[in-house]
Amino acid sequence: MVLHFRSHLESRQLDQLTLWCCTRLAYEAADCGLLSADLAAGIRRVKGVKKVGVRLANWLTAEQGQRLWQAPDKQRLKGKLDRALLALLLACGLRRHEAVTLTLDYLQQRENHSAIVDLVGKAGHVRTIPVPGWVKCELEDWLRTAAIDRGKLFRRVNGVGKAWGDGMTEKSVWHIVKESANALGLDKLAPHDLRRYAEPRIMPSFTAGRALVKEEPINGSA
């Protein structure tokens, strides 16, 4: 039935994001006991049609993403802040306003894994996002050094290298991304480009519902 639906989408040249939604729905149904696990797995194996093209906007390669969050100096408090923030944006796909409003209460352990739990995002959508171990290490390093044990995760750092205030602005996030990107020669990188980097990684079936295209490193660098 799902294969037939995919053929219908192809024949009508419709957006195959709908197909991706079907595969996710199958897993939700399996979790609720409405569908067998084997059948849900079979549905998820139905892939979209590969298409070759060039991605619009800026897309980081895996190497560029790694170099970006490692660019700030981890010996300085400001560098620890930048690394933790960049790592979180890259790995978890947060928007700027989500990052600056994130508090320690959102970080929880679920089944021996760290996660951002019940985050309310755009249009009131609520989601839980896994936090990789390497991101957790950067966050803990920043929080421990900045002596933050409650409230907002990210705070401003003053000229003498001390955390102060009760948060930071979205504009500050923009400056942190641009500063690290410029240091690597990625002049056109914007905070939302980090969200594009994260999407296929935190959503394994993301490419099943969208056209697969050839990845081009931004600015032609790798």
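Glu-98 counts as buried in this predicted model, because its relative accessibility is 1% and the cut-off for buried is under 20%. This residue belongs to helix 6, which covers residues 96-101.

Which side chain joins that of Glu-98 in a polar contact? The partner is Arg-127, and the polar contact between the two side chains is 2.9 Å. Setting aside residues up to four places away in sequence, Glu-98 also touches Gly-93, Leu-119, Gly-121 and Lys-122, besides Arg-127 itself.

I turn now to the nonpolar residues. In soluble globular proteins, nonpolar side chains tend to be buried together. Here, the largest nonpolar core has 41 residues. Among those with the most contacts inside this core are Leu-88, Ile-116, Trp-142 and Phe-154. Several elements each supply at least two residues of the core, including helix 6, strand 2 (113-120) and helix 7 (133-145). Which helix gives the largest share? That is helix 5, with 11 residues.

Let us look at Trp-142 in particular. Apart from its neighbours within four places in sequence, Trp-142 is in contact with residues that include Leu-77, Leu-81, Ala-84, Ile-148, Phe-154 and Ala-163. Lys-80 and Arg-155 are also among the contacts of Trp-142.

Finally, I come to two other tryptophans. Arg-156 lies over the face of Trp-164, at 4.2 Å from the ring centre. Likewise, Lys-171 is placed over the face of Trp-174, and here the distance to the ring centre is 4.6 Å.

Terms used
Residues numbered from 1 in each chain as written. Predicted model: local features only at pLDDT ≥ 70, side-chain atom pairs only at ≥ 80, totals over all residues. Heavy atoms only, no water. Helix = DSSP H or I, 4+ residues; strand = E, 2+ residues; numbered from the N terminus. Buried < 20%, exposed > 50% of the residue type's maximum accessible area, 1.4 Å probe, protein only. Polar contact = N/O pair within 3.5 Å; in protein donor to acceptor, adjacent residues only side chain to side chain. Contact = heavy atoms within 4.5 Å. Lys NZ or Arg CZ within 6 Å of the ring centre and 35° of its normal. Core = buried A, V, L, I, M, F, W, Y, C linked by side-chain atoms within 4.5 Å.
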